[in-house]
Each structure stands twice: as structure tokens, then as C-alpha cells.
Amino acid sequence: MTNLSNTTIAAPTRRIRWSRLLDHAVLIAGSLFLLIPLLIVLQTTTTTDVETMKNGPQLVIGSQFDDNLKDAMVKASGFSGENTGMSMLINSMILGLGFALGKIIIGMMAAYALVYFRLRFATLAFWLIFTTLLLPLEVRILPSYEIAQKLGLLNTYTGLIVPLIASATATFFFRQFFRSVPEELVEAARIDGAGPVKFFIDILAPLSQTMIAAMFIIMFVYGWNQYLWPTMITTDEDMYTLVRGIKQITQDLEGTNIPEYGRANMLALIAILPPVAVVIFFQSWFVKGLTESDK
Amino acid sequence: MAQVSLNNIRKIYANGYEAVTPTSFDIADGEFVVLVGPSGCGKSTLLRMVAGLEDITEGVLSINDRQVNHVDPADRDIAMVFQNYALYPHMTVRKNIGYGLKNRKIPADMIESKVQEAAKMLNLTDYLDRKPSQLSGGQRQRVAMGRAVVRDPALFLFDEPLSNLDAKLRHQMRIEIKALQRRLGVTSIYVTHDQVEAMTMADRIIVLNEGRIEQIGTPAEIYHAPASTFVASFMGAPPMNLIDARLADGQIMINGNTALAPAQGTGAITLGIRPEDVEIHDDAPIHFHVDIVEELGAHRLLHGQLADQDFTIHVGKDVAATPGATRIAIKPDCCCLFDPETGKAL
């Protein structure tokens with residue numbers, strides 16, 4: 001014991017620890033691996049397509065950022081001329097927000113019913129909902145498409161959002177959270193004259209704030225990045241989302257034209273920003289929601 | 001203000017467990033009744049049935065001659081204070097207190113004035129804009145009280161409201177609650193497992209055990225004339241001494257031949273003597289062997305053996321005591337006799 005403490009005190013000079021150096025090397029390599037593609041995207045958005053074609057990615061920052069941005073946002077692509085960057089951004093926003101809010105509302109209400117009402121077979125119902133985690137969209141895409149098509153939901157926002165919002169994940173998280181809310185709060189609210197709807201709105205929803213924020217991040221990013229379902233359900237170009245629209249632009253690579261590098265990368269950049277903003281904005285709540293329970 | 005009447009109230013849970021056997025009692029207008037008993041005796045269940053938070057399996061519950069068995073808790077004109085306060089954590093003190101009024105569609109300016117009045121009464125005026133998490137235990141307790149008084153209900157229900165507080169605060173809040181109830185004159189039912197709270201706060205105590213009423217009476221009646229050995233041992237700290245004895249020749253006999261006190265009857269009995277109803281004299285008739293002296297400052301507890309049975313004596317600080325043999329006398333009219341089979345008072 002004594003020896004051990006002596007050595008630590010008697011070694012004031014910091015020696016370079018090789019293991020530490022290795023750790024940092026790995027971390028730096030990892031960060032570069034993630035950052036360089038982003039930097040390339042950023043650089044490409046500032047030069048003309050011809051330059052990019054000729055020289056590839058460079059270290060020079062060009063002057064074409066404004067032009068590329070304008071192109072990306074307002075220039076029409078496709079045949080109909082109806083899907084500009086702006087329209088795709090709006091569509092993506094509607095999908096992301098509708099998807100996240102829909103999932104949160106449905107999940108909260110399902111969890112409320114499961115936890116607070118004496119439903120028959122509530123546990124069974126919960127586990128049935130839970131098993132849908134084993135059946136992601138990709139597994140049931142044909143029947144889902146069939147139903148959406150028969151309901152006439154193709155090329156509508158309803159069709160884009162509603163079939164996706166039933167969420168086992170959100171139901172599960174909200175159920176666990178509601179179960180940790182003390183029973184006495186319900187009883188106090190009952191004596192205070194709050195019915196089920198008032199209790200939900202006045203007490204349970206505000207208590208779930210952090211949980212809602214956490215769910216919002218996860219679900220918004222998840223909804224924003226949806227590719228398969230929007231591809232299936234929307235064929236009109238004015239319904240395209242960003243994630244889908246970028247791909248359409250880069251398709252030109254096969255043709256004889258010079259690919260629109262600047263515009264495509266600008267769109268990619270625009271597609272990245274909203275999820276990043278949401279994560280940054282809700283980050284502290286996110287951590288709180290998943291780890292703490294402030295009751 | 002209200003009278004409350006329970007007529008053969010019974011609670012059987014879905015799993016068949018009978019938490020409360022048919023129970024009847026009446027509570028007079030303005031009375032402070034304490035339900036006391038060990039955990040699992042059904043006292044909380046009984047209170048929750050009065051509140052409407054549990055269904056009543058059988059029997060009739062009336063508040064002010066109105067049968068309320070199936071009336072919603074919000075419409076029973078009651079207010080309840082919970083053990084863990086059950087404050088709404090996201091609301092300020094002001095909103096917590098006013099929430100019940102808001103739900104009853106009372107105009108905002110009236111809510112504000114009522115909240116102010118309640119806050120003033122409970123010394124909470126400076127804390128109205130704080131959240132419950134920024135308050136101390138005692139302040140939270142007061143907010144819970146405020147939520148109850150602001151509605152001006154006919155009946156207060158308290159479910160072990162002081163058990164989360166430390167000893168000093170508990171003592172203080174005990175007095176505050178009692179004073180508040182006196183001032184407002186609201187009929188109250190108070191549930192506790194702490195017999196000191198029961199003794200100090202109650203107009204009338206109802207002692208419960210295993211879902212049955214053991215005794216109903218004023219604190220003095222409960223203390224001095226317990227109806228059963230259960231009540232005798234539950235109420236009082238240290239509890240009443242209970243020893244095996246025998247009636248013969250108009251005397252209570254222990255150890256075969258030592259006469260303790262005069263009493264009529266014959267046969268085996270359980271004898272109950274409060275620890276403070278014993279005096280120590282050198283020329284007293286009964287032998288007592290002190291094993292341990294517990295020094296409590298204001299008084300001393302002498303634990304020892306009386307006729308080979310455990311016995312405790314409570315003496316003032318002016319009575320010197322050392323372990324060893326001594327002699328004691330029982331104060332007159334201080335013996336409680338119980339049936340050794342049923343535990344009921346004789």
C-alpha cells in the first residue's frame with residue numbers, strides 16, 4: 001500500500017504513455033474517416049461542376065456556393081419540373097415531423113391505455129404490440145403497399161406518414177415511463193377533479209417532456225431518413241423527399257452530360273442539416289429523457 | 001362540515017383477500033378521528049374507501065346522510081393528503097394548490113385569492129412560485145395541506161402524512177395539523193401506524209388489527225382501559241406489561257403465592273400493567289429483579305424480571321436505579337385483566 005502511493009507522488013514528470021497515444025491515434029483516424037466525406041461534400045458545393053469533373057475534390061474553397069445553393073433550392077429537376085430542392089425539403093419536413101409527432105402521439109396514447117385503464121388482456125396487448133418490432137416495414141412492405149394503394153393513399157402525405165406511425169418502440173418507452181409515475185399522482189388528480197383526459201394533458205404529458213424530446217429526436221431522424229417507403233408510395237415528382245431526390249440527380253452520372261456535382265452535394269448537405277439541428281437542439285433533453293426520471 | 005357514517009363496510013380484493021371485515025362507526029361533525037394499527041391492518045384501505053379510491057365491496061358509506069358508495073372521489077367533497085405528498089412536480093406551488101379549483105371551473109381571480117389565503121395560513125406565501133423540487137420536506141407537506149384546505153372540503157383525509165419527515169419536523173407538523181384542524185373545524189380522518197401521533201392528535205382513536213376494529217375510544221380510554229391485549233401492547237411506548245397471573249381468594253396472584261392487587265373472580269388471566277403504574281419502595285411487597293437500566297434523560301426504563309416474566313418499569317429521573325434485586329408496589333386500580341385465551345378485556 002505504502003509503496004504504491006509513494007510511487008504516484010514521486011513521479012511528477014508526465015511520461016508519454018504509448019497506450020494513450022494509440023488511443024488518440026485510433027480516435028483521430030475514426031474522426032477523419034467520418035469527417036472527410038463531409039468535407040468533400042462541403043468543398044464540392046463551392047466549385048463548379050466542370051472543375052470538380054476535371055480536378056476532383058480539392059483543398060481550395062471555390063466561389064460557387066451561392067449559385068449551387070440557388071440551383072439546388074429552386075432549379076427544377078425531372079420531367080414535370082415540379083420537384084425543386086425547396087419542395088423536396090418541405091416534403092421531407094412534413095414526413096419527418098408527421099412521422100415523429102404521429103409516433104409520439106400514438107405511442108403515448110397506447111401506453112396510457114395500457115398502464116392506466118383496467119383493460120382486459122392489457123399485458124397480452126402490450127406484448128402483441130411489442131412483437132411488431134420483429135416485423136419491420138421491409139418484411140411487410142407488399143401488404144402495406146397493397147392496403148395503402150387500395151385506400152387510395154398513393155401520392156398523398158397521409159399515405160406517406162400514417163402507415164408508418166404505429167410504433168412499438170415509442171409505446172414501450174412511454175409504458176415504462178408511465179409505470180414509474182407514482183400512483184398517488186393519479187389519485188391526487190382524481191380527488192382534484194381531473195378526469196382521464198385532463199390528467200393526460202395537465203399532468204402526464206408535462207411530466208413526459210424529456211421522454212417526448214428523446215422520442216422526437218429518434219423518430220424525426222428515422223422518419224427523415226426513410227427511403228424505401230417514400231419510394232414505393234410516391235410516384236409524383238412533387239411528392240419526392242430529399243433523400244429520394246438526391247439520388248435522382250446523381251443518376252445523370254451515366255449520361256453524357258457533366259454530372260451536377262455541386263447541386264447534388266448541396267442537396268445532400270441540406271438533407272443532413274435538419275436532423276443534425278434537431279439532435280443538437282434536443283441533445284440535453286435526450287440524455288435526460290433516456291436516463292433520468294424526474295418525478 | 002360533515003358527519004361520516006360507515007355501516008358494515010367491507011373490502012374483499014379480487015384475489016379473495018379480506019382486507020377489511022364488516023366495520024361500522026360514525027364520525028361526528030368536526031371530529032378528528034385517527035385510524036391506527038400495524039401495517040397491513042386495513043387502515044389505509046378503509047381510508048381509501050372513504051376517499052373513493054377503492055371500491056367498497058359491501059356496506060354503506062354516507063357523508064352528511066348522503067350515500068356516496070358510487071360517487072366519484074371528486075364529487076365527495078373531500079380532500080386528501082398523501083404520504084409522499086403527491087404534488088404535481090411540474091407545477092409551481094401556486095398551481096399545485098389551485099389545480100383542484102381550476103378543475104371545478106372557479107374563476108381565476110377567485111382561485112388566486114383563495115390560494116393566497118391558504119398560503120398565508122400555511123406560511124407558504126414566499127414559495128408560491130417555486131416548484132416542489134425546490135422545497136424542503138416540511139414545506140412540501142404544507143403544500144399538500146394547502147391543496148387540501150384551499151378547497152374548503154367537508155372532510156379531510158390524511159394517509160400517514162408525516163411518515164416521510166424527520167422526527168423533529170414530525171413533531172412540529174403534528175401540532176400544526178392539529179391546530180389547523182381545530183381552527184377550520186373540518187371533520188378529519190387520519191391514518192397512521194405511529195401510536196404517538198394517534199394519542200396526541202386524536203379526539204377519538206380507532207385501533208385496527210387484521211381488518212377488524214379492536215377498540216374505539218378517546219386516547220385516555222384507549223390508554224388506560226385497552227379492550228384487548230393487542231391494544232394494550234400496541235398503544236404506549238414502552239407497551240403495557242402483559243404477564244400470566246391467576247385470580248384466587250379475591251386477589252391477583254403471580255408465582256403461585258404473591259398477591260399483587262385485589263380483584264374478584266377465579267382462574268388464569270393475563271394481567272396488564274402500564275410501566276409507569278409501578279412504584280419502587282424498599283418495603284414494598286413484590287420482588288423485582290432489574291437487568292438493564294435504560295437512561296432516557298427525563299426518565300428511566302428498568303427492564304427486568306417479575307416472577308420470571310419480562311417486565312418493564314418506567315420511573316422518573318429522580319428515582320435512582322441500579323441493576324439488581326428491588327421491591328415494587330402496583331399503584332391501586334391500575335391493573336387491566338384480560339382473558340388469556342381470547343385476549344379480550346375482562
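Reader: Which residue stands opposite Ile252(B) in E12(B)?

Author: Leu247(B) does. The model is a predicted one, in which local features need pLDDT of at least 70 and side-chain atom pairs count only at pLDDT 80 or more, while totals for chains, interfaces and linings use all residues. Residues are numbered from 1 along each chain as its sequence is written, chains are lettered from A and ligands numbered from 1 in the order in which they are written, and side-chain values use heavy atoms, with hydrogens and water left out.

Reader: How do you know that E11(B) and E12(B) pair?

Author: Two strands pair if DSSP finds at least two bridges between them. Strand E11 (residues 241-248) and E12 of chain B have three bridges, in the antiparallel sense, so they pass that test. Strands (E, at least two residues) and helices (H or I, at least four) are DSSP runs numbered from the N terminus. In the hairpin of E11(B) and E12(B), with two residues between the strands, Asp249(B) takes a positive phi near 55 degrees.

Reader: How many bridges join E12(B) to E13(B)?

Author: Strand E12 (residues 251-254) pairs with E13(B) over four bridges, again antiparallel. In E13(B), Ala259(B) is the bridge partner of Met253(B).

Reader: What makes E13 and E20 of chain B edge strands?

Author: The open sheet of five strands runs in the order E13-E12-E11-E14-E20 (chain B), with antiparallel pairing. Strands E13 (258-262) and E20 (335-338) have a single partner strand each, so one side of each is left without a neighbour in the sheet. From one strand to the next, the twist averages 45 degrees.

Reader: Why are H5(A) and H12(A) called oblique to each other?

Author: Helix H5 (residues 85-116) and helix H12 (residues 209-224) of chain A have axes that come within 8 Å and cross at roughly 140 degrees. Such angles run from 0 to 180 degrees between N-to-C directions, with axes fitted to C-alpha atoms, for helices over the stretch in contact. Under 35 degrees counts as roughly parallel, over 145 as roughly antiparallel, 65 to 115 as roughly perpendicular, and the rest as oblique. H5(A) and H12(A) are therefore oblique. Residues in the contact (heavy atoms within 4.5 Å) include Leu89(A) and Phe99(A) of H5(A) and Ile212(A) and Trp224(A) of H12(A).

Reader: What makes H11(A) and H2(B) roughly antiparallel?

Author: Helix H11 (residues 196-207) of chain A and helix H2 (residues 93-103) of chain B cross at roughly 155 degrees, their axes coming within 13 Å. H11(A) and H2(B) are therefore roughly antiparallel. Lys198(A), Asp202(A) and Ile203(A) of H11(A) meet Tyr99(B), Lys102(B) and Asn103(B) of H2(B).

Reader: How helical is the span of residues 89-114 of chain A?

Author: The span of residues 89-114 of chain A is 100% helix and 0% strand, with its end C-alpha atoms 37 Å apart. An unreviewed UniProt entry lists residues 89-114 of chain A among those given as "transmembrane region".

Notes. UniProt positions are given in the numbering used here, feature names are shortened, and annotations may be inferred rather than shown by experiment.
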